Each structure stands twice: as C-alpha cells, then as structure tokens.
Amino acid sequence: DAWDSTSGAYPSCHTSQAYWQGTSLSMMLPELAPQILARTSEAGNNRIVMAAHYPLDVMSGRMMGQHIVERRMSDPAFRELFTEAEAELRGVLEAGCGAALADCIASDTPYLSDEDALAVYEQRLSYEFPQIAASGEAVTVPANAESLLITSHPDLTPEQRRQVLELTAINSGYPLDEGTEGSWQRLNLAAAMAAQVQVNSDGTVGLVDAGAEQPEPTTPGTAEPTV
C-alpha cells in the first residue's frame, strides 16, 4: 500500500509519473507503443542508475502508473477527452512531417527495433529477480486493464482484450506478483499492444506467428476494481 508505506523509496513516484505519461502516449500512438514504452522504462531505470531507488521501487512505480491510466480510461467522459487529444496529437505530427503518419514512421530511423524495444521492456518488468513463488500459474488480469488496449486493438471485445493481456503476460512468481488478486506485475503491455491477433471461430483470440506454443486463454478471474 503506497500510502501507508514508511519507506521513502517505495514506490518510485518519478517512475509512476513516467509510466502514466508514457502509457498514455503509447495509447495515442499505438503503432509506436514498443518504442515509447521502452523509452518510458528508461525513466524508471535511470532512478536505479542514479542510486535514487531500488528495482522493486521502480517495478511498483510502473504498476501504479499503468493502474492510474486504467482508472482514467475506465471513465467514459475522460475517454472522450482522450480521443480528442489523440486526434490533435496525430494532426500536429502529420503537419510537422508533411505526410501521413504511417509514411513518416516508415521513413524514420526508429529509436529501437520492435524486437529490441520489446526485449528491453520485458527485462525491466522483473529485473530478472529470482522467482519467489510458483511459476506457470494462470494470470488474473486486473479489473478493467483491458481498457489499455482500446486503441491498439479497437476491433476486439473487452473479453478478447483481456485474453491478449493473458497471452502476453510474463511468468508467475516474481516479486510483486499479486496472483489471483489481479497481477499488474505480470502484464507486458508493450507485447500486448504490439501483438498481432486472430479471432478463432469460438470467439477466443490467439497470437499470430507467436513462434511458441501458446496457453489457452482462460482468463481464470478478473479482480474486482479498487477505489
């Protein structure tokens, strides 16, 4: 509980701020989500480099920042304002580069390749801590977390977006994994936003060209939202 914490380090509020800003920006520009979120992760990692925070502080800051965005995106009134801001941002970028945004991105030199950006982001989800609980457990997607995929996967239903979050989540058992309470720790938002999905005949979704055997999307539980 961040508000009851007696530690001046935990959680990292600078990291939280970076992640609610970076996550919001990645939702406005989902085609650049891996690069934006990898850059966002650097803001948290720099807190460790500067000896201002421990990795767990930064991990919790990420969780807080993305939970904040979920709370805002779960508000229909805010979502309308967000959509207006997204349109304005994309218009400004296209005016600045003088072409369609997709063409500008294609002709630009990326900050990182998608593959490298996704690898950097995933490494900083757990900072390669040893697992302190069982691995291979089913993930419980936090309540309303699917709202973070509204712009990257607009044609999917909320249930299907939850399945994408489940299929791209990291393994269980790392520190700060809250298990069945709804694990923000395990959500790999960069991978989820970049995921190419196919809708199966039964309405479930699978990852396209995932390269590895995929778990069945069960979404075993959705945690109740907290106020």
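Q: What radius of gyration would a compact globule with 227 residues have, and what does the chain have?
A: The model is predicted. The value for the chain is set against the one a compact globule would have. For 227 residues that rule gives a radius of gyration near 17 Å, and the chain has 17 Å, so the two agree. Along the principal axes, the C-alpha atoms fill a box of roughly 50 × 50 × 35 Å.

Q: How many helices and strands does the chain have, and what pattern does the chain follow along the sequence?
A: There are 8 helices and 2 strands. Their order along the sequence is α-α-α-α-α-α-α-α-β-β.

Q: Among contacts between residues at least 6 apart in sequence, what percentage join residues at least 24 apart?
A: Such a figure concerns sequence separation: here, 78% of those contacts join residues at least 24 apart. As for burial, 44% of the 227 residues count as buried.

Q: How many residues does the largest nonpolar core have, and which have the most contacts inside it?
A: A nonpolar core is traced through buried nonpolar residues whose side-chain atoms lie within 4.5 Å. The largest one has 30 residues, and M27, Y121, L149, V164, L165, L189 and M193 have the most contacts inside it. Two or more residues come from each of α1 (13–28), α2, α3 (55–73), α6, α7 (158–168), α8 (189–194) and β2 (205–207). The most is given by α8, with 4 residues. Among the residues that M27 touches are V69, F82, L148 and M193.

Q: Why does S126 count as buried?
A: The cut-off for buried is under 20% relative accessible area. S126 has 7% relative accessibility, and therefore counts as buried. S126 lies in helix α6, which spans residues 114–126. Beyond four places away in sequence, S126 touches M59, Y174 and Q185.

Q: Is Q35 buried or exposed, and which residues does Q35 touch?
A: Q35 counts as buried because its relative accessibility is 9%. Q35 lies in helix α2, residues 33–49. Leaving aside residues up to four places away in sequence, Q35 touches Y111, L112, S113, D114 and A117.

Methods:
Residues are numbered from 1 along each chain as its sequence is written. This is a predicted model: local features need pLDDT of at least 70, side-chain atom pairs count only at pLDDT 80 or more; totals for chains, interfaces and linings use all residues. Side-chain values use heavy atoms; hydrogens and water are left out. Buried means under 20% relative accessible area, exposed over 50%, partly exposed in between (1.4 Å probe, protein chains only). Contact means heavy atoms within 4.5 Å. The radius of gyration is taken over C-alpha atoms; the globule rule is 2.2 Å times the number of residues to the power 0.38.
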